[in-house]
Amino acid sequence: MAEHEEKKHEESLMERIAEKIQGRDSSSSDSDNDKPSESSIKAKVFRLFGREKPVHHVLGGGKPADIFLWRNKKISAGALGVATVIWILFEMLEYHLLTLVCHLLILALAVLFLWSNAATFINKSPPRIPEVQIPKDPVMEFAQALRFEINRAFAVLRDIASGRELKKFLSVIAGLWVLSIVGSWCNFLTLFYIVFVLLHTVPVLYEKYEDKVDPFAEKAMHEIKKQYAVFDAKVLSKIPRGPLKEKKKD
C-alpha cells in the first residue's frame, strides 16, 4: 500500500510539473505572437522618397532597370562605354553629329558595295543585308506615353501658375534655378552624359547601402520639414494666395 501511495504521489507531482511547463510554453507563444514580425518592422522603416517597393521596381523593372542596376555587367558596361565614346567624340574631339553620321554611312556603304561586287570575282556569296524597318506599335506606345507625360507636366505648370500650389511653385522655381546654373557650366550633351553616368552609379550604390543611407535621409528630411514649417509660419503664411477653385454649379 505504501508503494502504491508513493507511485500516486510521484504521478501527481509529474502532472503538476507538466502543467507548469505547458503554461510557460503557452505564455511564451502568446508573447511571441504579440511581438511584431520582422516583416512588419521592416515595413515601418523609413525609405527614401517614401518608396515601398524595391529599387528595381521603382526604376520601372525590365531591361532598363537591369542595366541601371548592373544585373548584366556586360550590357551595363557596354552602354556606359558607348555613351563615353560618344561624349569624347562630340565634346573632347569636337566632332559634329551630322559629320559623324555621314562618315559612318560612307564607310558602311563603301564596304558593302565593294564586298558585293568583289564576291563575284572571288566566288563567294555576297553579304546578306537585312531589311530594316521601324515597327509601328513600339513607336505609337512611346508617342502616347510621351504625350501623356507632356500633358501632365502642362497641367502641373497650369496649377502652379494659377497660384494655388505655393509649395509646388517654390519647388519648381528652385529646380529651374539649379538647372539654369548647371546649364551655364556645361552644354546639353555633357549634362546628358552626367545624368547617364549618375543613373548607372547612384541606384546600384543606393541598393547596396540603402540600410545606411535611409536613416541619414530620414534625419535630413525631418530637418528639412522642420525648417520649412518655420519658413511657412514666418513668411509663406503671410503671402496672399491666388483665387480658389470655383465651386461646381449645382
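Lys-167 is exposed, with a relative accessible area of 54%; exposed means over 50% relative accessible area, buried under 20%, and partly exposed in between, using a 1.4 Å probe and protein chains only. The residue belongs to helix H8, residues 166–185. Helices here are DSSP runs of H or I with at least four residues, strands are E runs of at least two, and both are numbered from the N terminus. From C-alpha to C-alpha, Lys-167 lies 9.8 Å from Tyr-228, although 61 residues separate the two in sequence.

Residues are numbered from 1 along each chain as its sequence is written, and side-chain values use heavy atoms, with hydrogens and water left out.

How confident is the predictor? The pLDDT, its confidence in each residue from 0 to 100, has a mean of 76 over the chain, and 74% of the residues reach 70 or more. Over residues 25–43 the pLDDT stays under 50, and the model has 1 contact beyond four places in sequence for them. Residues 244–250 are also below 50, with 2 contacts beyond near neighbours in sequence. Where pLDDT is low, predicted coordinates should not be read in detail.

Let us turn to helix H9. His-200 is located in this helix and is buried, at a relative accessible area of 1%. Which residues does His-200 contact, leaving aside neighbours within four places in sequence? Contact means heavy atoms within 4.5 Å, and the partners are Ile-67, Phe-68, Trp-70, Ser-76, Ala-79 and Leu-80.

The axes of H9 (residues 188–208) and H10 (residues 210–234) come within 5 Å and cross at roughly 95 degrees. H9 and H10 are therefore roughly perpendicular to each other, a term covering angles of 65 to 115 degrees. Tyr-206, Glu-207 and Lys-208 of H9 make the contact with Glu-210, Val-213 and Asp-214 of H10.

Finally, the cysteines. Cys-186 is buried, at 17% relative accessible area, whereas Cys-102 is partly exposed, at 36%. With a disulfide taken as a pair of cysteine sulfur atoms within 2.5 Å, the count is 0.

How values were computed
This is a predicted model: local features need pLDDT of at least 70, side-chain atom pairs count only at pLDDT 80 or more; totals for chains, interfaces and linings use all residues. Axes are lines fitted to C-alpha atoms, for helices over the stretch in contact, and angles run from 0 to 180 degrees between N-to-C directions. Angles under 35 degrees count as roughly parallel, over 145 as roughly antiparallel, 65 to 115 as roughly perpendicular and the rest as oblique. pLDDT is the predictor's confidence in each residue, from 0 to 100.
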